[in-house]
Amino acid sequence: HTIGMATVTAGNKAGNLTVNSDDVDFPAKTVALSGTVLRHAVPAVDMAGLTEGTVSFGLHEIGGFSDMPANARNNGYDALQALLNVYGGTITGPDAARFSIVGGFSASDVGGTPAAYSLHFDDTSAMNGTTYTATLTLTTRDQQGLPGAMNQSNLTYSLSAEISTASAAP
């Protein structure tokens, strides 16, 4: 026989199963059942729950750029929500080769603390007065191994860096 559990709402579930038999000494046996139903992970780039964000490296002269952060959050996380599994990170677009994730991409499971990715802009041989752009896509899903786990929304960041025109020497 199959035993099921209602999964419409998150929470700790409990109940009893009565098994009837033809044993005269023990005509019925009660078995305690319990389980936990989790909500799906909620990917976001910020506390407002947005799935798209911007990372601007700003306007600087060559050599003046600093690494910038991009976060992956699991909004509303608590003990009754699945961890968010960030399992892919790719940079695409016209100037993708100039942007990178410092140390390369590493998958992570996100609970209450966001996963922070440090982004780098390579200004080697960049042209003065030029704005460079790309897109960072973080692919997400519910933590693996949970029954009912699903792929979740991608998180995307628009990346930009602008090279200032060098000041002329007096």
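Val31 lies within strand 2, which covers residues 28–37. In this predicted model, Val31 has a relative accessibility of 33% and therefore counts as partly exposed, since that class lies between the buried limit of under 20% and the exposed limit of over 50%. Together with Ile3, Val19 and Leu33, Val31 makes a nonpolar surface patch of about 300 Å².

Strands of a sheet pair through backbone hydrogen bonds, in either a parallel or an antiparallel manner. An open sheet of four strands shows antiparallel pairing, with the strand order 3-5-9-7. The edges of this sheet are taken by strand 3 (43–44) and strand 7 (99–101); each has a single partner strand, so one side of each is left without a neighbour in the sheet. Strand 3 is joined to strand 5 (residues 68–74) by two bridges, and the two strands run antiparallel. Within strand 5, Asn74 is the residue opposite Pro43.

A further open sheet is formed by five strands in the order 4-11-10-6-8, and its pairing is mixed. Strand 4 (52–60) and strand 8 (108–110) are the edge strands here, each pairing on one side only. From one strand to the next, the twist averages 30 degrees. Strand 6 (residues 84–92) and strand 10 (residues 131–142) run antiparallel and are joined by eight bridges. Thr92 has Thr135, in strand 10, as its bridge partner.

Note on methods. Residues numbered from 1 in each chain as written. Predicted model: local features only at pLDDT ≥ 70, side-chain atom pairs only at ≥ 80, totals over all residues. Heavy atoms only, no water. Pairing = 2+ DSSP bridges. Axes fitted to C-alpha atoms, helices over the stretch in contact; angles between N-to-C directions. Patch = residues over 30% accessible without salt bridge, like charges linked within 9 Å, V, L, I, M, F, W, Y side chains within 5 Å. Areas by Shrake-Rupley, 256 points an atom, 1.4 Å probe, with all protein chains shown as cover. Salt bridge = Lys/Arg side-chain N within 4 Å of Asp/Glu carboxyl O. Buried < 20%, exposed > 50% of the residue type's maximum accessible area, 1.4 Å probe, protein only.
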